[in-house]
Amino acid sequence: MEAVEKKVRTFVRVKPTAEFAQDMIKLGPDNKSIDIYIQKDARRGVVNNRQTDWSFRLDGVLHNTSQELAYETVAKKLVADALAGYNGTIMCYGQTGAGKTYTMTGATAEYKHRGIIPRAIQQVFRAIARSVDSFVTVRISYLEIYNETLFDLLAAPTSSGTGDVQMAVVDCPRGVYVKGLSVRPVSHEEDALNLLFEGETNRVIAEHSLNKNSSRSHCIFTIYIESRCRVFSDVRCVNSKINLIDLAGSERLSKTGSEGQVLKEATYINKSLSFLEQIVIALADPKRDHIPFRQSKLTHVLKDSLGGKCNTVLVANICGEALHVEETLSSLRFAARMRWITTEPVINVTCDPEETVRALEKEIILLKQELAMHNNLVNRPLVTYDPLTDVQIAEIKSQIHKYLQGAIDEIDIMNIRQVQEVFKQFKLIVRQQEHEVEARLRSKYALIDKNDFAAIAAAQKAGVVDVDRHLMGKKGGQECGTRTTPVSPKPAGKKKKPRKGSEQSKKEGTRSYLSGRELDAPLPPKSQVTIPITDLDVKERARSEDTANIDAQPSKPASEEGSQRPSSPPSKPVAFEQFKEECGREINRIFKENKSILLARKKRSATVARRINFIKQEMEDIKKALEAQRQERWQQGEYVDEKGHLIVDEEEFLLIMKMKDLKEEYRSAYAELQDLKAEIQYCQHLVDRCRNKLIAEFEIWYSESFLIPTYVQKALQPGGSIRPGMIPIDRVLRLEEDEQDRFERMQETTLPAGPESASFYKAKMKSDQKHAYARTMSSLGQMRKKPGHIAAAGRNAPSSLHLT
């Protein structure tokens with residue numbers, strides 16, 4: 001799909017305050033413009049050319065709006081596009097204390113005050129629940145940039161309190177990613193909210209004069225969405241991600257009065273935001289060729305969000321007080337510059353390697369069938385294109401041996417696989433002959449490496465090598481220059497007399513060849529003797545037979561031992577079959593019925609899907625035929641009646657009526673397919689529950705029947721109220737609801753916002769319990785370090801743990 005240029009959408013959200021400067025800040029009637037007016041400073045004199053009024057045009061101004069309206073205006077469309085495959089980014093920018101974190105995360109205490117991130121999570125999982133055609137996978141990551149250092153807010157802390165993995169921003173062909181950042185898979189809204197709350201508690205915050213809980217770092221919460229088609233076999237995979245960015249607020253040190261560590265943090269924050277503004281100015285200038293994204297970690301991470309193929313939205317948070325009018329102007333200027341940036345969002349489609357392999361295998365089968373059809377048309381004998389079997393390989397080997405012996409003049413070749421096998425067999429025969437010749441020569445001659453000083457010393461001691469490492473003849477022999485045959489894999493070659501002198505030893509190389517009979521002690525050769533392939537086969541066969549005999553010997557005592565102990569419990573597979581025939585017969589019958597219904601629905605769904613595809617193909621053919629008819633009518637001239645209506649011929653009229661019938665049939669088939677999908681999902685749920693119930697009841701029956709002691713079995717005789725292995729029928733036909741299920745259902749109905757807020761409050765409760773427990777354990781550890789408080793800590797520990 002071709003990319004379409006889009007402008008970055010910018011919104012301004014005004015922080016609610018009772019001291020709103022209405023005379024300085026004017027909001028447009030259409031809520032898309034904002035004007036700033038400042039009175040001239042009389043202290044500057046009569047000549048004062050300083051600008052006093054500004055006007056900014058934006059995509060929307062949010063003033064006194066609820067969190068729900070702010071989300072629908074800013075993020076709802078972007079999240080919907082992300083579910084379709086487009087990357088999206090929402091960024092909150094503004095001065096410290098202007099409400100950026102409240103806009104992005106919201107207040108975790110109340111459900112209605114939750115921010116963009118919790119609502120985006122809810123929208124994603126609601127869309128997944130409604131989707132029956134796609135299988136969607138969701139993953140979560142949470143990154144913090146604190147003092148130009150990357151931190152993973154979801155990483156498990158080590159004993160030192162920090163993660164072990166060093167993170168870095170990496171560029172790759174598919175975009176920018178953070179190496180070492182953990183990405184957690186989630187399957188429910190509650191799991192994603194748990195990760196959000198966990199990351200929020202790990203953020204760095206501090207207090208200054210303008211904000212009691214000021215974020216001291218930039219945080220990026222990312223939702224990764226991966227979608228695959230569930231009905232049709234499609235190798236495509238649609239990937240997208242939503243970056244939800246909460247930037248740290250810019251600060252004027254003269255107003256915040258920051259000192260120490262807070263001052264250092266403010267310096268890093270202002271520096272990174274200055275680099276971000278430089279990036280925005282460069283992107284808005286079409287004449288700029290180079291964009292300095294690597295100036296800071298923040299701009300490098302946001303490379304894809306600002307200048308890539310992504311839907312980008314900026315929320316500029318401002319304060320309405322007259323005291324902060326200069327910071328408000330700065331935020332509005334940044335928003336105006338962002339509005340000039342253009343992006344080219346596209347759908348991110350990748351191919352699944354496994355599905356691609358399956359498609360290629362299917363194509364190979366079709367090509368084989370086409371080749372077979374061509375062979376039949378030209379009366380060519382049957383040719384198989386499958387890998388060669390052992391019988392075919394043995395036949396080729398036999399023909400090669402006959403060919404080498406001269407018994408036959410040609411080798412039968414039918415396909416390319418046989419050609420490859422023939423060359424392979426020739427290569428094996430040549431290597432086998434080389435190894436046999438080398439082994440035969442090594443049995444007569446010894447090979448010594450000149451770098452092996454121990455072997456050379458032994459040869460000198462034997463008197464066959466002189467001080468200069470030259471060969472010497474045997475005493476009583478004919479001459480010193482005795483003829484020797486060097487070891488070579490080739491059987492042919494001439495024998496040469498070795499020359500005396502150092503020049504000859506350099507020309508011969510680093511090895512000397514000696515007769516095996518001339519050494520008193522055996523010398524270890526550097527290269528091992530290679531045994532022919534036939535001998536290896538014989539030895540391997542003999543070794544495997546010995547191993548089989550050894551493995552078979554202990555099996556007899558084992559069987560005898562088992563026969564001596566008939567009271568031992570049977571294996572679980574055998575007992576499971578017995579359980580299904582006896583005590584678990586009822587639930588096994590229900591399981592089989594549900595499974596048969598599920599298979600029938602799946603078969604019917606596949607048939608309807610094929611029918612839909614056939615109808616679509618037929619509709620395409622009719623559409624092409626109608627187009628051809630219209631082109632022909634346009635060339636020959638059109639006919640109209642007295643009222644000016646177009647006259648079509650009978651063939652075109654029949655095609656139009658057939659198209660109408662096919663559309664109606666397509667709608668009904670598609671509706672039936674949707675119903676079948678819902679039934680399949682429900683039946684699959686029933687089958688899974690029956691399977692789990694069957695296995696659980698079998699474990700109980702197996703334990704009661706075979707694993708309990710003898711004295712307990714006597715108490716469970718048939719006359720008693722409980723018999724081993726007998727499961728009450730109501731436990732099979734009715735899946736009881738336990739106390740936890742009843743409590744959760746009651747909790748969902750009594751929550752302020754109804755069942756929709758259950759995931760939010762559950763995640764918040766788990767996060768609070770986890771951190772309360774951590775604080776309690778930390779305080780207990782500190783008390784134990786003080787000698788005078790050990791007893792008190794021991795007494796108070798149970799009550800403290802009970803409170804958590």
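Does Phe653 count as buried, partly exposed or exposed, and at what relative accessibility?

**View 1. Phe653 and the nonpolar patch on the surface.** In this predicted model, local features need pLDDT of at least 70 and side-chain atom pairs count only at pLDDT 80 or more, while totals for chains, interfaces and linings use all residues. Residues are numbered from 1 along each chain as its sequence is written, and side-chain values use heavy atoms, leaving out hydrogens and water. Phe653 lies in helix α20 and counts as partly exposed because its relative accessibility is 46%; buried means under 20% relative accessible area, exposed over 50%, and partly exposed in between (1.4 Å probe, protein chains only).

**View 2. Helix α12 (residues 390-405).** The 16 residues of α12 should span 22 Å at 1.5 Å a residue, which agrees with the 23 Å between its end C-alpha atoms; the expected span is 1.5 Å times one less than the number of residues. Ile396, Gln399 and Ile400 are the buried residues of α12, and, seen down the helix axis, they fall within an arc of 105°, so they line one face. The arc is that of the directions from the helix axis to the C-beta atoms. On the other side of α12, Asp390, Val391 and Gln405 are exposed.

**View 3. Glu190 in helix α5 (residues 189-201).** Glu190 counts as buried because its relative accessibility is 15%. Apart from neighbours within four places in sequence, Glu190 is in contact (heavy atoms within 4.5 Å) with Ser759, Lys762, Ala763 and Lys766.

Key: Helix = DSSP H or I, 4+ residues; strand = E, 2+ residues; numbered from the N terminus. Patch = residues over 30% accessible without salt bridge, like charges linked within 9 Å, V, L, I, M, F, W, Y side chains within 5 Å. Areas by Shrake-Rupley, 256 points an atom, 1.4 Å probe, with all protein chains shown as cover. Salt bridge = Lys/Arg side-chain N within 4 Å of Asp/Glu carboxyl O.
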